Amino acid sequence: MMRFSLSDESVDIALLHEALKHAGSGGFCAFEGWVRDSNEGREVDGLEYEAYAELAQAEGERILEEAITRYGVTDARCVHRTGHLHVSDLAVWVGVCAPHRDEAFRACRYIIDEIKHRLPIWKKEHYLTGESHWVACTHVYREHEHEAHQPPAHHDHARAFVPDYSRQTRLREVGEAGQAKLAASRVLVIGVGGLGCPVLGYLAGAGVGTLGIVDGDRLDASNLHRQTMYDARDIGERKVDLAARRIALLNPAVTVRTWTEPLRASDVVEVFRQFDLVVECTDDMRSRYVSSDAAVLSGTPLIMASVYQYEGQLQVIPARPGTPCLRCLWPRAPAPETVGSCAQSGVLGPVPGVLGTLQAAEALKILLDLPRPEADALLLVNLLDLTMQRLPIDATQGCALHGGCVEVARESLALAREQGEVDLVFDSLEDAMASGFTLVDLREPGEIASDPLPGVPSLAIPSAQVLARANELTTCRPLLVCASGQRSGHAARLLRANGFCDVHSLAGGLRALRTYG
């Protein structure tokens with residue numbers, strides 16, 4: 001007989017009551033946990049529960065058996081909902097019957113606290129603003145731990161987890177005051193791939209109070225050799241959700257906020273202003289330039305890194321007057337095909353790990369006000385010959401020659417807002433065509449030959465030739481397509497800057513279609 005169960009459907013409480021009736025029981029206690037309409041002062045639209053079902057089932061049964069043995073009750077049952085729940089829905093039900101009321105009360109309380117603390121169940125709050133946060137279901141005060149009758153020794157690991165920062169606070173420059181600074185800090189991490197995984201892991205482990213995560217990708221098998229926050233069971237899941245759950249397990253004291261869509265020119269500055277620091281961890285040139293512009297306009301320090309095969313670059317943008325930004329080095333974003341990504345050029349797994357670790361170290365140094373190099377520079381890291389080189393950045397050049405970083409950033413974001421949103425999401429290429437678009441394949445001939453579009457008509461124009469052949473697009477409504485969405489996004493913005501207003505890019509490219517499908 002199973003006493004604990006997970007259910008993705010509503011619960012019949014009357015049936016649960018009936019199952020617990022026992023002639024020798026004079027006491028019955030039940031607990032009902034409902035979805036409330038607010039969380040920490042924010043209006044909630046609903047909840048979402050995810051569970052590691054096999055482990056949750058086994059541990060749930062164990063908890064109920066413990067309660068029966070420990071308090072001498074006759075029987076106990078628990079049902080925990082999974083999936084999407086609305087406000088006022090029943091989320092968890094616990095029932096206990098016993099000869100007397102006192103043991104029924106105490107056993108019910110024990111089950112509630114142990115279920116919340118020990119089960120691999122994650123809760124996601126959905127707010128009316130459209131945002132959503134994963135909430136750790138682990139930080140509880142368990143009164144029964146202080147009772148004279150202690151649980152068996154093999155359950156000692158289940159006691160409430162309290163983060164231990166002793167190795168960190170022992171540093172003279174950190175101490176308790178520094179730890180308090182970290183707890184009050186808010187850091188936004190854009191991208192949870194090879195760079196973002198170590199950044200999030202180290203910042204969560206260090207006790208940074210609030211971590212924001214921006215990522216719209218799902219995990220692919222090709223990611224695992226360098227994105228060690230995940231495992232093979234996670235393939236196909238949203239990285240942002242996986243990362244939020246991992247942080248909840250690593251350090252339940254950390255609050256996580258998530259964005260599953262890229263930050264847009266219309267809202268990026270306001271989002272940056274909600275954080276003390278931003279760490280840019282994508283391989284998307286557009287994201288890097290938008291982040292640099294937003295950092296300058298919001299005054300939010302930004303830490304950027306990039307990798308190429310065995311090498312990497314690191315730049316810290318202080319976002320203070322007189323300090324350089326990304327555009328001081330490279331005024332305009334280069335075409336994606338001239339830069340290369342991990343998918344196109346390959347990468348040795350530890351390389352983004354090293355660069356992401358450096359980003360995390362720089363982030364903690366800034367948050368704790370630890371010593372850093374005074375001169376602004378681009379750091380070059382070569383993992384083959386184990387060398388590092390600092391290239392000074394002259395703040396009197398670059399943007400300074402065109403009105404300064406603030407003016408250039410303001411103009412760039414204004415142009416991006418004027419051009420409107422370029423990337424469109426479709427479930428299939430057929431859906432895109434049904435919406436009136438003509439597919440324009442920007443991949444190289446070799447790419448198309450080895451992986452042709454699946455039975456749909458398209459116009460093939462290599463991305464490097466798109467401006468020269470723009471006249472071929474005047475009689476249609478083009479949707480530009482490439483492998484990852486980077487080349488098509490860059491080309492669409494280039495065409496819009498040259499007068500083509502109704503041109504769009506397939507968000508995430510063909511890879512996104514296949515992953516989501």
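Helix H6 passes helix H7 in a right-handed crossing, meaning that the near helix is turned clockwise from the far one by less than a right angle. Helices (DSSP runs of H or I, at least four residues) and strands (runs of E, at least two) are numbered from the N terminus. This is a predicted model, so to speak: local features need pLDDT of at least 70, side-chain atom pairs count only at pLDDT 80 or more, and totals for chains, interfaces and linings use all residues. Residues are numbered from 1 along each chain as its sequence is written, and side-chain values use heavy atoms, with hydrogens and water left out.

**H6 and its two partners**

- H6 covers residues 196–206 and H7 covers residues 239–250; they pack at an angle of about 30 degrees, with their axes 10 Å apart (axes are lines fitted to C-alpha atoms, for helices over the stretch in contact, and angles run from 0 to 180 degrees between N-to-C directions).
- That angle makes H6 roughly parallel to H7, a label for angles under 35 degrees.
- On the H6 side, Leu200, Gly201, Ala204 and Gly205 make the contact, and they meet Ala243, Ile247 and Leu250 of H7 (contact means heavy atoms within 4.5 Å).
- Sorted by class, the contact of H6 with H7 has 5 nonpolar, 2 polar and no charged residues. Here Ala, Val, Leu, Ile, Met, Phe, Trp, Tyr, Cys and Pro count as nonpolar, Asp, Glu, Lys and Arg as charged, and the others, Gly among them, as polar.
- H6 also meets helix H13 (residues 350–367): their axes come within 8 Å and cross at roughly 35 degrees.
- The H6 and H13 crossing is right-handed as well.
- Pro198, Val199, Tyr202, Leu203 and Ala206 are what H6 brings to this contact, while H13 brings Pro352, Gly353, Gly356, Thr357, Gln359, Ala360, Ala363 and Leu364.
- The class count for H6 with H13 is 9 nonpolar, 4 polar and no charged residues.

- The axes of H2 and H3 come within 10 Å and cross at roughly 155 degrees.
- H2 and H3 are therefore roughly antiparallel to each other, the label for angles over 145 degrees.
- In this pair, H2 passes H3 in a right-handed crossing.
- H2 contributes Glu59, Gly60, Arg62, Ile63, Leu64, Glu66, Ala67, Arg70 and Tyr71, and H3 answers with Glu103, Arg106, Ala107, Tyr110, Ile111, Glu114, Ile115 and Arg118.
- By class, you'll find 8 nonpolar, 1 polar and 8 charged residues in the contact of H2 with H3.
- Glu66 forms a salt bridge with Arg118, and their closest N and O atoms are 3.0 Å apart (a salt bridge is a side-chain nitrogen of Lys or Arg within 4 Å of a carboxyl oxygen of Asp or Glu).
- The structure holds 28 salt bridges.

- Strands E5 (residues 75–81) and E7 (residues 90–98) run antiparallel and are joined by 6 bridges.
- Within that pairing, Ala76 stands opposite Val96 in E7.

- Another open sheet has 5 strands in the order E18-E22-E21-E19-E20, with parallel pairing.
- E18 (423–424) and E20 (459–460) are the edge strands here, each pairing on one side only.
- E21 (residues 478–481) and E22 (residues 504–506) run parallel, joined by 2 bridges.
- Leu479 has His504 in E22 as its bridge partner.
- Helix H17 (residues 486–497) lies across E18, E21 and E22, running at about 175 degrees to E22.

- Ser412 sits in helix H14 (residues 405–419).
- Leaving out residues up to four places away in sequence, Ser412 touches Asp293 and Arg327.
- Ser412 and Val73 are 339 residues apart along the chain, and 68 Å separates their C-alpha atoms.

Conventions. Pairing = 2+ DSSP bridges. Parallel < 35°, antiparallel > 145°, perpendicular 65-115°, else oblique.
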